[in-house]
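Subject: Structure for you to look through

Hello,

Please find the structure below, with the sequence beside it, so that you can follow along as you read.

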Amino acid sequence: METVACLNSEGQLVVVPTSDLHDGVVVYGILIENQRVLLRRNLETGLWEPPGGHLIGRQVPEQAVRSLFRAQTGLVCDPQQRLLLESQHRIDVRGEAWRFAVIYYALQRNPGSTVTLPPEDSTGPTWVRLDELRREEMHAGYEAIQVAAQHNGVATAATSE
């Protein structure tokens with residue numbers, strides 16, 4: 001029997017049979033402005049991640065990232081380019097094992113689109129300075145943010161170490 005190690009919400013590896021894996025696609029949007037990236041807290045782990053989520057049905061990834069980003073931030077943004085594609089194996093809160101194709105997109109804000117940030121204790125969007133972002137504080141997207149920052153010519157904590 002073939003097995004694979006999946007990461008649970010506590011950061012522990014759990015070995016599961018590959019026959020128990022569900023397949024899914026997740027998209028995240030990376031918006032960088034003024035040396036900051038717009039992030040939100042993951043509800044399961046409390047760590048930072050870009051706005052995004054699971055594709056439902058036959059959604060096109062570019063349309064899904066646009067609608068998910070708008071729903072979670074209030075911003076209207078358009079995908080500019082695919083930054084990174086990765087595979088993740090995770091255990092969800094119900095204990096189900098998943099194999100995800102994760103796609104990260106660089107986004108650009110549409111003119112006139114503004115964000116109203118929630119209170120500090122919320123899971124809503126928060127601007128985080130790139131030079132203060134640390135990998136251990138991220139649930140997902142750290143590498144994609146580094147790629148986006150390089151394309152934008154922005155210094156990050158990883159490039160200043």
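Arg-66 is partly exposed, because its relative accessible area is 33%, and this residue, in a model that is predicted, lies in helix 1, which covers residues 61-73. If we set aside the residues up to four places away in sequence, Arg-66 touches Cys-77, Asp-78 and Pro-79. With one of these, Asp-78, Arg-66 forms a salt bridge in which the closest N and O atoms are 3.0 Å apart. Asp-78 belongs to strand 8 (residues 77-91) while Arg-66 belongs to helix 1, so the pair ties together parts that are twelve residues apart in sequence. Asp-78 counts as partly exposed too, at 27% relative accessibility. On another side of the sequence, Gly-52 is 14 residues from Arg-66, and the two C-alpha atoms are 8.6 Å apart in space.

Side chains of opposite charge can pair when their charged atoms come close. The structure holds nine salt bridges, and one of them joins the side chains of Arg-99 and Asp-23, with 2.6 Å from N to O. This pair links distant parts of the chain, since Arg-99 is in strand 9 and Asp-23 is in strand 3, 76 residues apart. Arg-99 is partly exposed at 33% relative accessibility, whereas Asp-23 is exposed, with a relative accessible area of 53%.

Now to the chain as a whole. The protein chain has three helices and ten strands, and read along the sequence they follow the pattern β-β-β-β-β-β-β-α-β-β-β-α-α. Of its 161 residues, 43% are buried. Among the contacts between residues at least 6 apart in sequence, 63% join residues at least 24 apart.

Strand 1 has a covered face, made of Val-4 and Cys-6, and an uncovered face, made of Thr-3, Ala-5 and Leu-7.

The largest nonpolar core has 23 residues, of which Ile-30, Val-37, Leu-39, Tyr-104, Leu-133 and Ile-145 touch the most other members. Strand 3 (22-30), strand 5 (36-41), strand 9 (97-109) and helix 2 (142-152) each supply at least two residues of this core. Apart from it lies another core, of 14 residues, which includes Leu-55, Phe-69, Ile-103 and Trp-127.

Gly-29 lies in strand 3 and counts as buried, at 0% relative accessibility. Leaving out residues up to four places away in sequence, Gly-29 touches Pro-50, Pro-51, Val-65, Phe-69, Tyr-105 and Leu-107. Gly-29 and Ala-106 are 77 residues apart in sequence, yet their C-alpha atoms are 6.0 Å apart in space.

Best wishes

How values were computed: Residues numbered from 1 in each chain as written. Predicted model: local features only at pLDDT ≥ 70, side-chain atom pairs only at ≥ 80, totals over all residues. Heavy atoms only, no water. Buried < 20%, exposed > 50% of the residue type's maximum accessible area, 1.4 Å probe, protein only. Helix = DSSP H or I, 4+ residues; strand = E, 2+ residues; numbered from the N terminus. Contact = heavy atoms within 4.5 Å. Core = buried A, V, L, I, M, F, W, Y, C linked by side-chain atoms within 4.5 Å. Salt bridge = Lys/Arg side-chain N within 4 Å of Asp/Glu carboxyl O.
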